[in-house]
Amino acid sequence: MLTREQNEMLCRVEGDVPMGRLMRKHWTPVCLTEEVAEPDGDPVKARVLGEDVVVFRDSEGRVGVLEESCPHRRVSLVYGRNEEGGLRCLYHGWKMDVDGNVMEMPSEPPESGLCEKVKHKAYPVKEWGGMVWAYFGAADQVPEFRPPLWAPTADTRVSIVKAILPCNWAQVLEGAIDSAHSSSLHSSDMVPARVGGAEATSNLWLRPSTDKAPRMQVERTPYGFRYAALRRPIKDAATHVYARCTVFVAPYTVLIPPNNLYNVANVNIPMDDTNTSFYFIAWGHPSTTPETQTWRKFLGNTVGIDLDERYRPYRNHENRFWQDRQAMRAGNFTGIKGFPNQDIAMWVTMGSIADRSRDRLGASDMAVVAFRQRMLDALAEFDSGSTPIGAGESAPPAGVCSFQCVIPKEQDWRAFAARYVWDVDQSKPRLAEAEGAYQVNSR
């Protein structure tokens with residue numbers, strides 16, 4: 001467990017605090033590209049690392065991320081007019097372009113020259129992998145944008161569930177790297193089966209083990225760490241082990257072990273100290289990776305049905321996450337539909353910031369302990385002048401990925417030649433649209 005002081009250092013990101021300073025050294029997702037899909041469309045409000053911003057796409061298709069408050073009298077630009085190459089404040093008509101240049105000041109006499117003297121705060125922007133990214137660090141130290149490991153190429157299919165959660169980013173991330181909980185919390189959706197490895201079906205994820213108490217092993221890396229959850233397989237238990245290797249890429253990304261069709265990732269962006277933009281991602285080849293709406297239906301996270309138009313879940317602590325006790329009596333373990341929603345119920349009910357000084361940890365929590373210590377060590381190294389973890393020379397090499405497989409006991413998982421799932425063999429199963437979920441078809 002952590003002390004209260006260590007917990008504060010791990011969790012807090014707002015203002016001039018260590019974790020906030022470290023995270024601002026990374027390109028950071030701000031919103032989904034779909035939220036600002038149309039030129040001259042509605043501006044979008046976002047909050048990242050305690051900073052309020054407005055995101056918009058101008059008439060030429062360029063995306064801007066600006067400080068939300070107008071430089072004139074500090075009113076919100078989210079209500080502004082997105083027109084003719086810029087965002088116009090409603091109050092006095094000041095208009096800013098995507099770079100923060102003030103284009104017009106209708107309320108000021110032309111001879112004042114004020115227009116040339118004012119520059120609004122604009123952040124460097126990149127679109128990639130279905131997201132709008134911005135750099136929130138020093139404007140004169142902007143690093144080159146590197147594609148994330150879950151969107152290695154422009155032709156990668158990336159399907160994203162987004163949910164705005166009323167809790168701290170670290171407890172969300174700890175859930176993503178905690179392999180042990182899946183055997184209980186997700187036991188009705190991730191079902192043991194006599195298969196050769198994890199597989200996706202129309203409504204379940206199959207796994208080749210009934211073992212609920214995995215042995216954990218951790219390997220620290222410059223960008224974070226890898227760890228393996230080693231379980232007894234259903235078949236060949238005397239000679240083999242079922243290994244699920246998860247990768248933590250600091251500061252906020254987890255590469256989750258894939259199934260036979262597509263890869264999975266989790267990205268957790270602190271909006272502030274007590275709210276998180278949670279992104280759950282399927283990615284891979286277009287022939288086997290579900291498209292966005294299919295992915296959201298499968299997970300019970302469709303806008304307008306499960307989420308409001310701002311990606312806030314309708315399921316919450318007040319309505320008990322729509323838990324179905326009758327379904328539980330009939331055999332469903334949680335009574336909560338969609339395994340991300342099962343996770344969300346756990347994260348939110350820990351409180352806005354979990355009190356880790358009261359934890360009672362066991363052997364299955366090794367990865368959680370590794371995350372906490374890795375990030376606290378990274379903060380100390382950063383404070384002493386080292387490159388921020390996950391950036392610069394400590395960034396992960398291309399090709400780093402999670403994996404799952406049944407391997408001989410004598411094989412070291414650390415030396416396993418992992419490859420992300422990218423199968424273009426059209427004789428393999430592929431995903432197709434289905435009512436409310438997805439189904440596996442054969443060609």
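Visitor: What kind of model is it, and how are residues numbered?
Guide: It is a predicted model, where local features need pLDDT of at least 70, side-chain atom pairs count only at pLDDT 80 or more, and totals for chains, interfaces and linings use all residues. Residues are numbered from 1 along each chain as its sequence is written, and side-chain values use heavy atoms, with hydrogens and water left out.

Visitor: How many cavities of 30 Å³ or more are there?
Guide: The count is one. A cavity here is a set of points on a 1 Å grid over the protein atoms alone where a 1.4 Å probe fits but cannot get out, and its lining residues have an atom within 4 Å of a point.

Visitor: What is the volume of the largest cavity?
Guide: About 340 Å³. Volume means the space filled by probe spheres set on the points, with grid points joined across faces, edges and corners.

Visitor: Which residues lie nearest its centre?
Guide: Ala176, His186, Met190, Arg244 and Ile256, out of 28 lining residues. Helix H7 (339–348) is one of the elements that give two or more residues to the lining, and H7 gives the most, with four. Helices (H or I, at least four residues) and strands (E, at least two) are DSSP runs, numbered from the N terminus.

Visitor: Now salt bridges. How many?
Guide: The count is 28. A salt bridge is a side-chain nitrogen of Lys or Arg within 4 Å of a carboxyl oxygen of Asp or Glu.

Visitor: Which residue does Arg24 pair with?
Guide: Arg24 meets Glu51, at 3.2 Å from N to O. Arg24 lies in the loop between helix H2 (18–23) and strand E1 (27–32), and Glu51 in strand E3 (residues 51–57), so the pair ties together parts that are 27 residues apart in sequence.

Visitor: Is Arg24 buried or exposed?
Guide: Arg24 is buried, with a relative accessible area of 11%. Buried means under 20% relative accessible area, exposed over 50%, and partly exposed in between (1.4 Å probe, protein chains only).

Visitor: What about Lys45?
Guide: Lys45 forms a salt bridge with Glu68, with the closest N and O atoms 2.5 Å apart. Lys45 is partly exposed at 44% relative accessibility, while Glu68 is buried at 10%.

Visitor: And Asp52?
Guide: Asp52 meets Arg47 at 3.0 Å, N to O. Salt bridges that share partners join Glu14, Lys45, Arg47, Asp52, Glu68 and Asp272 into one network.

Visitor: New topic. How many residues has the largest nonpolar core?
Guide: It has 96 residues, and Val55, Trp150, Ile281 and Phe371 have the most contacts inside it. A nonpolar core is a set of buried Ala, Val, Leu, Ile, Met, Phe, Trp, Tyr and Cys residues joined through side-chain atoms within 4.5 Å.

Visitor: Where does this core lie?
Guide: Domain 1 (27–135) and domain 2 (157–415) both give residues to the core, so it lies between them. The domain bounds come from an automatic or database domain assignment.

Visitor: Which residues does the cis peptide bond join?
Guide: Ala250 and Pro251, with omega about 5 degrees. Most peptide bonds are trans, and most residues other than glycine have a negative phi.

Visitor: What is phi for Leu49?
Guide: Near 55 degrees, a positive value in a residue other than glycine. Leu49 sits in the loop between E2 and E3 and is buried, with a relative accessible area of 1%.

Technical notes. On a 1 Å grid over the protein atoms alone, a cavity is a set of points where a 1.4 Å probe fits but cannot get out, and a pocket is an open set with protein on both sides within 12 Å along at least five of seven lines; lining residues have an atom within 4 Å of a point.
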